[in-house]
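Please examine the sequence and the structure shown here before reading the explanation below.

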Amino acid sequence: MKLQVAIDRVGIPRAVEIIRQVADSADVIEVGTSLTKEFGVRALGPLIEAANGTAVLGDIKTCDEGRYEFDLGFDCGFRYLTVMGSSSKGTLDVCYASAETHDGVMMIDLLECDDDRIERISDYDNAVYCLHTSVDSGATADPVGQVRAFKARYPRIRHIAIAGGITKDQLAGLAAEGVEIAIMGSAITKAADIAAACAECKAACRTA
């Protein structure tokens, strides 16, 4: 299972510091929505450079202008980009086409998407579908159970990520359920020793 480390609500110099501490252990480094909104996608090149080859996700949460935003993000060096599952089918289609063209990955944020909506957008074979509990709503109560139920309902969806207060002790269970990407933020980025916390979480991803 891949470990994605989310960096939010810091300035670019601090983000660079964090990235340098997690790049050796993280599989994906997430440049959070707060940074993309505050500084703009084109200004984030130093963060991609600091990742030193580790894949970087831009959490741009596209909901319209899909081709423009995805083409821009991939051209700026991001490997993964996010689009909201609540977006129009047309937006999802052009984002997926952009990802395929750029050899990138579309991550669909399923925040507030109901079962019927997920069913209607479950046909992007190479996309990653992210089960997401918002920061405003708190941590995911039972992430392992949530993933298990999701897989049973949507067996055609092969690539699953999960975010929302994920803790180190939940990682092995998520890996056992076949989760592709576990997303962690402050549990790593606010640790006293960020590099050590990231390495420990990555090791936990391999224990299942």
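The model is a predicted one, in which local features need pLDDT of at least 70 and side-chain atom pairs count only at pLDDT 80 or more, whereas totals for chains, interfaces and linings use all residues. Residues are numbered from 1 along each chain as its sequence is written, and side-chain values use heavy atoms, with hydrogens and water left out.

In this model, 8 strands close into a barrel, in the order E1-E2-E3-E4-E5-E6-E7-E8, with parallel pairing. Strands (E, at least two residues) and helices (H or I, at least four) are DSSP runs numbered from the N terminus, and two strands pair if DSSP finds at least two bridges between them. On average, neighbouring strands of this sheet are turned by 25° against each other, direction ignored. One of the pairings joins strand E4 (residues 80-84) to strand E5 (residues 105-109) in the parallel sense, over 5 bridges. Within it, Leu-81 stands opposite Met-106 in E5.

Helix H5 (residues 89-101) packs on the sheet and touches strand E3 (55-62), E4 and E5; contact means heavy atoms within 4.5 Å. The direction of H5 makes about 150° with that of E5, where axes are lines fitted to C-alpha atoms, for helices over the stretch in contact, and angles run from 0 to 180 degrees between N-to-C directions. Helix H7 (residues 143-153) also packs on the sheet, touching strand E6 (128-132) and strand E7 (160-163), and its direction makes about 150° with that of E7.

The structure holds 3 aromatic pairs. Rings of Phe, Tyr and Trp (its six-membered ring) pair if their centres lie within 6.5 Å; planes under 30 degrees apart count as stacked, over 60 as edge-to-face and the rest as tilted. Phe-70 and Phe-74 form an edge-to-face pair, because their ring centres are 5.7 Å apart and their planes stand at 80°. Both residues lie in helix H4 (residues 66-75), 4 residues apart, about one turn of the helix. Phe-70 and Phe-74 are both buried, that is, under 20% relative accessible area, with exposed over 50% and partly exposed in between (1.4 Å probe, protein chains only). The rings of Phe-150 and Tyr-154 have centres 4.9 Å apart and planes at 50°, so this pair is tilted. Phe-150 and Tyr-154 are both buried as well.

Finally, in helix H10 (residues 194-205), the buried residues are Ile-194, Ala-197, Cys-198, Cys-201, Lys-202, Ala-204 and Cys-205. What covers them includes strand E1 (2-7), helix H1 (12-22) and strand E8 (181-184).
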